[in-house]
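Dear colleague,

Please find the structure below.

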Amino acid sequence: MHMIYNSPMYCVVEFPGALADEPEVAATRVRGGHAFLGGYEILDKVSRREIFLDGQLALHFRERVSELIDTEPSMEEIDEFLGEFDTLMQQPVVMH
């Protein structure tokens, strides 16, 4: 687990996964003949909600982040990008 982004508004944690050669491992998570078994957790600190992205959604997120990084974005631009996931965040963050 690696924190890959942290701002006053959002935190993103990457859960690295292996690229598996066995297509039966996760047929819906296939890219380039390999299955991606990792994921990303996005935490909205203000609303105290989160989402975990895996499978195709994690691959799509990874691709969009790579494209965004190429533009050398500001923190505000990254937060704006992460804000696109706000409506998907349904899991409340609970401390115990």
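The notes that follow describe the sheet and then the helices.

This is a predicted model, in which local features need pLDDT of at least 70 and side-chain atom pairs count only at pLDDT 80 or more, while totals for chains, interfaces and linings use all residues. Residues are numbered from 1 along each chain as its sequence is written, and side-chain values use heavy atoms, with hydrogens and water left out.

Helices (H or I, at least four residues) and strands (E, at least two) are DSSP runs, numbered from the N terminus. An open sheet is formed by five strands in the order E1-E2-E6-E7-E8, with antiparallel pairing; two strands pair if DSSP finds at least two bridges between them. Strand E1 (2-6) and strand E8 (91-92) stand at the edges with a single partner strand each, so one side of each has no neighbour in the sheet. Six bridges join E6 (residues 39-44) and E7 (residues 49-54) in the antiparallel sense, and Leu43 stands opposite Glu50 in E7.

H1 packs on the sheet, touching strand E2 (10-15), E6 and E7, where contact means heavy atoms within 4.5 Å. H2 also packs on the sheet and touches E1, E2 and E6.

The axes of H1 (residues 55-70) and H2 (residues 75-83) come within 12 Å and cross at roughly 160°. Axes are lines fitted to C-alpha atoms, for helices over the stretch in contact, and angles run from 0 to 180 degrees between N-to-C directions. The contact involves Phe61, Arg64, Val65 and Leu68 of H1 and Ile78, Phe81 and Leu82 of H2.

With kind regards
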